[in-house]
Amino acid sequence: MTGPTENTTQSKQYPVPDAFARTAHVGSRAAYDKLCADAQNDYEGYWASLARQFVSWHKPFTKSLDESNAPFFKWFEDGELNASYNCLDRNIDAGLGDKTAIIFEADDGQVTHYSYKALLARVSKLANALKAQGVKKGDRVVLYLPMSVEGVVAMQACARIGATHSVVFGGFSAQSLRDRIEDAGAVLVITADEQLRGGKALPLKAIVDEALTLGGCDSVRQVIVWQRTGGNVPMVAGRDVYLDEVMAAQSDVCPPEWVSAEHPLFLLYTSGSTGKPKGVQHSTGGYLLHAAVTTKWTFDLKPDDVFWCTADIGWVTGHTYVAYGPLAVGGTQVVFEGVPTYPDAARFWRMIQAHKVSIFYTAPTAIRALIKAAESNEAVHPRNFDLSSLRLLGTVGEPINPAAWEWYHREIGGGRCPIVDTFWQTETGGHMITPLPGAHALTPGSCTLPFPGIDAAVVDETGKEVPWGQGGVLVVRKPWPSMIRNIWGDSERFKKSYYPADFNGKYYLAGDGAIRDEHTGYFTITGRIDDVLNVSGHRMGTMEIESALVSHPLVAEAAVVGRPDDLTGEAICAFVVLKRPRPTGEEAKQLANELRNHVGHEIGPIAKPKDIRFGDNLPKTRSGKIMRRLLRVVAKGETVTQDTSTLENPAILDQLAQSN
């Protein structure tokens, strides 16, 4: 790649490599601009054309966008399709049956290849098994599984019979799992005895059992258990069955259930600023379209590429860029069960070398952790491995800081691989703002420009677009096919969360701040504007963590904020008031650990606060409102310079600052 050029506002800009542009699906800025102009001139026609190009329809749609019940938009509603058919049968019909769909590497390094034909056979057997268990079109099925081919198969099997899946990340607690099962009204749970991560066997079935004893899960009729490790787990007679046993008797042919484009493909629960998780509801047609188009254009995916997205299927990235997108365009991908640091921090580089990965998509958190490991241990430095198969890199989950971007570009990409820094959310279904690697010069730290057809803008509190160079609130001004359709069972919360009255209910509120470069118009995401933290790319609601802390018998009150963290992007910092005198010294350390473990049990290990500070009380206004903006300053270790005259107890800030 040619060297970077100077930009007056953003320090460096890397031009598109000529060799990359020559073969790219979108190979120039002019080609990108034409796509955007097509969308601008005929928005519905643009998306309809892509829907006919990228999706196979059992019954063609006659109408593209229905805005009659805004903001509950519908796309291609009278069309019928099946997501599993589009990901599997269609590729086999095109002659790709023997092509490798998935290269699976287990935690222990064992590798298995699955062709499209083999994957379809396994999906069909499970789909038939689900039907034999009484699961029908429209039922919800919760998946609590390891990162595995079985997880992808379970998602595809649900889609094949028109059941709506809801995947719960294997790190969530029994209480969190229970809440999601109850909210979804799931009729069946698919889980495993244990999961393997970093050489350790971690329980899954035991957590399902605990969740189902907490009450509120009466809708669950069966639990299907995959024997991943062969661990000895109790089975409840009449409820629990083994995966292999229920599949063994089934045919490997299962005709797809044709569903409306608006049929809910999945629910995925994400943290909100209030305690209750939100069941983000995605459609089948619009979601699948965006998964396919972004996989092909953002990653410039070609038939001979080996694509690897390192995300777990418990998160939306694992849905769109593992379970659906790569399969929808006939790609070959790596699926990895383990963690990047086991058996050492060179695991990713060994795998890229072994599987000849050409497109690598991971999180800034992982990159920062691997930078730290490489700098402290020469043996795991990426320069020791052959990474020459790589031609494109990507990042996801949070903004990547320029220093990490530069290291990733230099040490992993050898200075020749473009980096697609992708901004999107659970609610958006796929990439919203991202470089197209054959069209956009790259600025470290910027996600560049909107994906063609996405009308993103930075506005002030009244919804008026702000001049380039000024910060504001990120919104999307037009509905797009893969957008969230609703919050499951809570339409009012959907409107309040995403189409607030502040913007006259017209714009989708992303919940992030952003700024556009005054010369290039490139977007940079500046962080959340609500009470949601982004920890290692995982969204955690502050209210959810506060509620978990207050459920501990010793805690009277808690406030949770985020602070910048070199490794995780944002760290959870909790300020706690006890029902007894404030602890100090060793007692404070012990109690902080106890509270961390309590939060881990209530929500999951990802929610454990990094910092816990004890105070006699919390900074509050005279009306009783906790001043979290001041706590954020304290959490960063900075001096509070803002006006504190409205505080009832300004001296508490000094106490909390010294309690670290």
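The model is predicted: local features need pLDDT of at least 70, side-chain atom pairs count only at pLDDT 80 or more, and totals for chains, interfaces and linings use all residues. Residues are numbered from 1 along each chain as its sequence is written, and side-chain values use heavy atoms, without hydrogens and water.

A nonpolar core is a set of buried Ala, Val, Leu, Ile, Met, Phe, Trp, Tyr and Cys residues joined through side-chain atoms within 4.5 Å. Buried means under 20% relative accessible area (1.4 Å probe, protein chains only). The largest such core has 165 residues, of which Trp47, Leu130, Trp297, Tyr324 and Val576 touch the most other members. Helix 7 (residues 149-161) gives the most to this core, nine residues. Another core, of 34 residues, lies apart from it and includes Val306, Phe348, Ala373 and Trp405.

Helices are DSSP runs (H or I, at least four residues), numbered from the N terminus. In helix 11 (residues 285-298), 13 of the 14 residues are buried. The expected span, 1.5 Å times one less than the number of residues, is 20 Å for helix 11, and its end C-alpha atoms are 20 Å apart, which agrees.

Helix 17 and helix 18 pack at about 115 degrees, with axes 9 Å apart; axes are lines fitted to C-alpha atoms over the stretch in contact, and angles run from 0 to 180 degrees between N-to-C directions. Contact means heavy atoms within 4.5 Å.

| Helix | Residues in the contact |
|---|---|
| Helix 17 | Ile545, Ala548, Leu549 |
| Helix 18 | Leu595, His598, Val599, Glu602 |

Note on methods: Helix = DSSP H or I, 4+ residues; strand = E, 2+ residues; numbered from the N terminus. Buried < 20%, exposed > 50% of the residue type's maximum accessible area, 1.4 Å probe, protein only.
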